[in-house]
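Please look through the structure shown here, and then follow the account below with the model open beside the text.

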Amino acid sequence: MPTPHYGQPRYRVIADELRERIERGAIPPGALLPTESTLTAEFRAARGTVRQAIAALRADGYVTTEHGRGTYASLGLLAGGETTARLPTTARREVAADPELAALFAVEVGTVLVEQQSIDRSRGTVEAVVRTYRLLRPRQ
């Protein structure tokens with residue numbers, strides 16, 4: 001039976017609606033998208049259809065998905081919805097606090113910290129390098 005959305009697959013209609021929300025700022029860059037169950041209720045669609053829509057948005061660079069955390073509107077969007085094809089790379093490692101970090105965290109020099117480095121590349125060039133540090137929390 002034909003669907004009432006002019007011959008487009010249902011997932012594409014959902015993806016287009018979500019893309020429009022992202023482009024007009026209703027879902028700002030970095031914001032969490034509604035859950036799959038919320039989207040299935042809103043669009044009256046099967047979970048697999050919603051997943052296809054999100055996969056299409058991910059392929060187009062409009063969203064990123066973090067396992068166990070959710071799907072976010074991409075930070076790599078320019079005005080007008082043009083994507084920058086950003087490829088973030090993240091690495092984590094344990095490092096010893098140097099005097100500056102030790103002073104900031106009010107710990108002894110050499111205390112183990114977790115350093116997370118994220119490198120944002122766009123079209124083959126590095127756009128940003130961000131390093132964050134956290135105290136290593138012992139496992140309980």
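**A walk through the predicted model**

Leaving out residues up to four places away in sequence, G110 touches A96 and A97, where a contact means heavy atoms within 4.5 Å. G110 belongs to the loop between α4 (99-105) and β4 (112-122), with helices (H or I, at least four residues) and strands (E, at least two) taken as DSSP runs and numbered from the N terminus. With a relative accessibility of 38%, G110 counts as partly exposed; on this scale buried means under 20% relative accessible area, exposed means over 50%, and partly exposed lies in between (1.4 Å probe, protein chains only). The C-alpha atoms of G110 and D98 are 6.4 Å apart in space, although the two residues are twelve residues apart in sequence.

This is a predicted model, in which local features need pLDDT of at least 70 and side-chain atom pairs count only at pLDDT 80 or more, while totals for chains, interfaces and linings use all residues. Residues are numbered from 1 along each chain as its sequence is written, and side-chain values use heavy atoms, with hydrogens and water left out.

The protein contains four helices and five strands, and their order along the sequence is α-α-α-β-β-β-α-β-β. Of its 140 residues, 29% are buried. Among contacts with a separation of 6 or more, 46% are accounted for by residues 24 or more positions apart. The protein exposes about 9,600 Å², of which carbon and sulfur atoms supply 53%, the areas coming from the Shrake-Rupley method with a 1.4 Å probe, and for residues only the protein chains shown count as cover.

In soluble globular proteins, nonpolar side chains tend to be buried together. Here the largest nonpolar core has 17 residues, and L18 and V63 have the most contacts inside it; such a core is a set of buried Ala, Val, Leu, Ile, Met, Phe, Trp, Tyr and Cys residues joined through side-chain atoms within 4.5 Å. The elements that give two or more residues to this core are α1 (10-24), α2 (36-43) and α3 (47-59), and α3 gives the most, with five residues. Setting aside its neighbours within four places in sequence, L18 is in contact with I27, L39, F43 and L57. A second, separate core of five residues includes V95, L101, A102 and L113.

A15, found in helix α1, is buried with a relative accessible area of 0%, and beyond residues up to four places away in sequence A15 touches A53, A56 and L57.

Finally, consider the second largest pocket. Its lining is formed by L32, L33, P34, T35, E36, R51, I54, R58, T65, G70 and T71. α3 gives the most to this lining, with three residues. By class, the lining has four nonpolar, four polar and three charged residues, where Ala, Val, Leu, Ile, Met, Phe, Trp, Tyr, Cys and Pro count as nonpolar, Asp, Glu, Lys and Arg as charged, and the others, Gly among them, as polar. On a 1 Å grid over the protein atoms alone, a pocket is an open set of points where a 1.4 Å probe fits, with protein on both sides within 12 Å along at least five of seven lines, and lining residues have an atom within 4 Å of a point.
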